[in-house]
Each structure stands twice: as C-alpha cells, then as structure tokens.
Amino acid sequence: MSTDTHEGAPPAGRCPFAIQDGHRAVLESGTVGSFDLFGIKHWLLAAAEDVRLVTNDPRFSSAAPSEMLPDRRPGWFSGMDLPEHSRYRQKIAGDFTRRAARRQEDFVVEAADACLDDIEAAGPGTDLIPGFAKRLPSLVINALYGLTDEEGTVLEARMRAITGSTDLDSVKTLTDDFFGLALELVRAKRDEGGDDLLHRLASADDGEISLSDDEATGVFATLLFAGHDSVQQMVGYCLYALLHHPEQQAALRARPELVDNAVEEMLRFLPVNQMGVPRVCVEDVEVRGVLIRAGDNVIPLYSTANRDPQGYPDPDTFDVTRPVEGNFAFGHGIHKCPGQHIARMLIKVACVRLFARFPDVRLVGDVPMNEGLGLFSPAELRVTWGTA
C-alpha cells in the first residue's frame with residue numbers, strides 16, 4: 001500500500017504553519033507515498049523512523065546515478081557516500097563548529113543592528129523579508145566566504161534562477177553557468193591572501209587535504225546551495241512564528257534563557273525544508289510493506305518527520321518551552337547540514353535583536369507565503385511599531 005501525492009504548490013488556503021496535506025496523509029497512513037517530480041517517480045518517507053533509515057542506511061545512496069540530478073561534479077559532496085564524502089567534510093569541518101559560529105556572533109549582531117537601523121529609517125509598514133531576513137544571512141555568508149557584495153549578489157541571483165526552474169534541461173544549463181562563475185572565483189582567490197573559507201578551499205596547501213580547482217568549486221557550490229536560500233527563509237519564518245504567536249514571544253520575554261530552546265522548537269515546528277535531498281535505492285528494500293526497488297528514487301520528508309507524534313508529543317503545537325532533543329530541520333545522518341550552528345546563531349540573533357529594538361513590533365496585514373516545491377516560508381512580512 002502507498003499514498004499518492006502530486007507535483008505542484010500547496011492549496012491557497014493552506015495554514016502558514018502546517019505541513020503539506022499530502023505529506024501529512026503519508027505520515028498518518030503509516031506507510032510510504034509516491035510522488036512524480038518532473039515526471040520521475042519518487043518514494044516519499046514521512047515517519048521519523050523511516051527518515052532515519054533512508055539517511056543512514058547504505059542501501060540508500062547519495063552517489064548512485066539518478067535521472068533527477070545533473071552530472072556529478074568533483075567536490076559536490078552532497079552527492080557522495082562514505083568514504084569519499086568524508087574527505088570534503090573534513091576540509092571544511094573547522095569552519096562550521098559551534099565554536100566557529102560563536103566567534104562570528106559579534107559580527108552578526110553588528111550586521112543585524114545595521115539592518116534594523118535601515119528598517120527603522122524606512123518607517124512602519126516596511127517588509128522584514130528583503131531588508132532583514134534575506135539581507136542579514138547574505139552579509140554573514142559573504143563575510144564567511146570572503147565575497148564582495150557584488151560577488152555575493154551575482155551568485156545569489158544565479159542560485160535563484162536554478163531553484164526557480166521548472167524543467168530539468170534549464171536546471172542543467174543554469175547549473176553549468178553557476179559552476180563556471182564559482183570556478184572563476186576559486187581561481188581568483190587561489191592567488192590572493194586571506195583567512196576566509198573560500199581562500200582556504202582554494203589554497204593548495206592546507207594540511208593533508210588539498211583540493212583541485214574543480215574540487216574546491218564543487219565544495220563551495222555545495223555549501224552555497226545547501227545553506228544560502230534555506231537560511232534566509234528560516235530566519236523569516238522564525239520571525240513570523242514569534243510575531244504570529246504573541247504568547248510564545250511573551251514566554252521568551254519572561255524567560256530569555258529559553259532562547260536556544262526556542263530556536264530548536266522553531267526549527268522543529270516550522271515546515272521550511274519540506275523535502276530532503278533525494279537518495280537512490282541500490283538494492284531492493286521493503287519499507288512498511290512497500291517494495292522499493294534498486295534504482296528507485298526516494299525522498300525523506302524532514303518537516304513531516306518533525307511532526308511525527310512518535311517522536312514529539314502534541315507535535316502540531318508550537319511551544320518554546322518544549323524540551324526538544326534533535327530535529328530534522330538540517331537533515332540527518334552524514335549529510336546533515338554543516339552550517340547548522342551558524343544558522344542557529346543567525347536565527348537567535350535576528351529574533352533577539354528585532355524584539356529588543358522594537359518591543360511592540362507587530363504584523364501589518366496578511367502574510368503571503370512562498371509555496372514552492374521544496375522550501376516554504378513567508379514571502380512578505382510587513383510590520384509596524386510604536387503608537388497605532
């Protein structure tokens with residue numbers, strides 16, 4: 001038995017904090033679903049137990065050939081299995097630890113305050129998405145990689161063109177274009193001095209792990225695709241959650257020590273990352289009575305796993321006091337997002353600084369949602385403050 005879902009955006013009336021109806025149906029059915037993506041069948045696994053299986057079991061490969069993905073490229077470690085995957089993760093490991101994220105916090109606070117200065121100058125009614133939720137992560141990511149504002153803007157535009165494509169031929173063409181630009185940057189940085197991540201990736205002399213130009217480009221591209229757009233959308237969605245739930249905002253004001261726990265609960269509760277990175281089954285596997293054959297495409301549903309009642313009591317309730325031990329917002333297993341600690345810190349700083357700067361900030365009007373295939377988040381977040 002399986003539950004069929006279909007390609008397309010969620011219905012217009014979808015609750016802004018609900019998981020997709022089709023994904024919920026898979027979870028509640030106790031089995032797996034099937035889904036056509038660009039005309040290619042994928043199996044959907046929704047329960048937390050099943051998501052752990054597909055992201056940890058070597059029978060589900062990130063490296064096996066797939067009709068969905070462009071040609072594999074050197075350094076593109078999200079499309080690799082062990083042990084090859086480990087070499088590239090080790091190269092960047094030191095830049096993405098909790099300690100490394102903490103070292104950036106002062107810069108992030110300054111950047112957040114600069115964004116809020118401009119928002120205050122624009123006056124009530126301004127949209128937090130472009131001026132804060134998108135701008136703040138862009139400033140931090142550009143600084144992390146040693147990119148100029150112009151370089152970061154061009155790369156971001158190229159990535160948005162890829163993620164906004166509606167057919168595989170366009171995806172492949174635009175991906176080639178993006179990799180060409182990234183390769184130019186890697187080669188330029190290789191001859192420069194610097195202590196940022198892109199300079200270290202481009203450096204041929206970095207301990208025991210040296211990368212070719214193509215490998216460094218692949219790692220750079222993987223990190224950008226995995227973290228840029230998703231972090232921007234996470235920040236905006238978390239701000240929306242607290243603005244929409246004043247009782248949770250009040251709980252945080254009363255107990256500011258809850259802020260780290262609140263970030264974890266927002267990551268669990270908000271269905272930003274609706275679909276995980278596809279895997280390919282490399283040998284026949286039976287999951288919940290359904291035979292998934294070798295060569296079949298499989299997608300773990302991270303947001304749905306975060307709403308699995310087997311893992312989280314009363315999972316559809318947003319509660320910043322809930323003890324949250326692990327969630328799937330950044331994936332699971334060896335491919336868990338390396339930038340997760342930086343993302344958490346960005347979310348925390350954005351929320352803390354906004355509500356400290358504008359204690360009475362509140363929403364103005366409706367909040368339209370981005371209802372694309374993968375990520376889900378507010379498209380606009382207009383706010384006001386002060387006397388009504």
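Partly exposed residues are those between the two limits of relative accessible area, under 20% for buried and over 50% for exposed. Arg-200 has a relative accessible area of 23%, so this residue is partly exposed. The model is predicted. Arg-200 pairs with Asp-195 in a salt bridge, with N and O 3.0 Å apart. Asp-195 reaches 65% relative accessibility and therefore counts as exposed. A network of salt bridges with shared partners links Arg-24, Glu-28, Arg-307 and Asp-316.

In total, the structure holds 28 salt bridges. One of them joins the side chains of Arg-73 and Asp-176, at an N to O distance of 2.3 Å. Arg-73 sits in the loop between strand 4 (60-61) and helix 3 (84-92), and Asp-176 in helix 8 (residues 168-190). The pair therefore ties together parts that are 103 residues apart in sequence. Both partners are partly exposed: Arg-73 has a relative accessible area of 22%, and Asp-176 has 46%. Another salt bridge links Arg-357 to Glu-120, with the closest N and O atoms 2.9 Å apart. Arg-357 belongs to helix 14 and Glu-120 to helix 5 (residues 105-122), so this pair ties together parts 237 residues apart in sequence. Arg-357 is partly exposed at 28% relative accessibility. Glu-120 is partly exposed at 40%.

The strands come next. Strand 2 (32-37) is mostly covered, with 5 of its 6 residues buried. Strand 2 pairs with strand 3 in the antiparallel sense, over 5 bridges. Within this pairing, Phe-35 has His-42 of strand 3 as its bridge partner. The hairpin of strand 2 and strand 3 has 2 residues between the strands. Phe-38 takes a positive phi near 55°. Its relative accessibility is 26%, so Phe-38 counts as partly exposed. The C-alpha atoms of Phe-38 and Leu-168 are 7.3 Å apart, although 130 residues separate the two along the chain.

Strand 3 also runs parallel to strand 8, joined by 4 bridges. Strand 5 (residues 279-281) runs antiparallel to strand 8, joined by 2 bridges. Val-298 of strand 8 takes part in both pairings. It is the bridge partner of Trp-43, and Val-298 is also the bridge partner of Arg-279. Strand 8 (residues 297-300) is covered on both faces. Asn-297 and Ile-299 are buried on one side, and Val-298 and Pro-300 are buried on the other.

For Cys-351, the closest cysteine sulfur is in Cys-238, at 5.6 Å. A disulfide needs sulfur atoms within 2.5 Å, so the separation of 5.6 Å is too far for a bond. Cys-351 is buried at 7% relative accessibility. Cys-281 is buried as well, with a relative accessible area of 2%.

The largest cavity has a volume of about 190 Å³. Its lining holds 17 residues, and the closest to the centre are Phe-96, Ile-141, Tyr-145, Gly-227 and Gly-339. Helix 6 (128-145), helix 10 (213-244) and helix 14 each give two or more residues to this lining. Helix 10 has the largest share, 6 residues. By class, the lining has 14 nonpolar, 3 polar and no charged residues.

The second largest cavity has a volume of about 50 Å³. Its lining includes Met-234, Leu-267, Tyr-302, Asn-306 and Phe-328. The lining of the second largest cavity divides into 7 nonpolar, 3 polar and no charged residues.

The second largest pocket holds about 300 Å³ of space. Of its lining residues, 3 are nonpolar, 1 is polar and 7 are charged. Among them are Arg-98, Arg-102, Glu-105, Asp-260, Glu-264, His-341 and Lys-348. Helix 4 (98-103), helix 12 (259-269) and helix 14 (340-357) each supply at least two residues of the lining. The largest share, 4 residues, comes from helix 14.

Note on methods. Residues numbered from 1 in each chain as written. Predicted model: local features only at pLDDT ≥ 70, side-chain atom pairs only at ≥ 80, totals over all residues. Heavy atoms only, no water. 1 Å grid on protein atoms, 1.4 Å probe; cavity = no way out; pocket = protein on both sides within 12 Å on 5 of 7 lines; lining within 4 Å. Points joined across faces, edges and corners; volume = space filled by probe spheres on them. Nonpolar A, V, L, I, M, F, W, Y, C, P; charged D, E, K, R; others polar. Buried < 20%, exposed > 50% of the residue type's maximum accessible area, 1.4 Å probe, protein only. Pairing = 2+ DSSP bridges. Salt bridge = Lys/Arg side-chain N within 4 Å of Asp/Glu carboxyl O.
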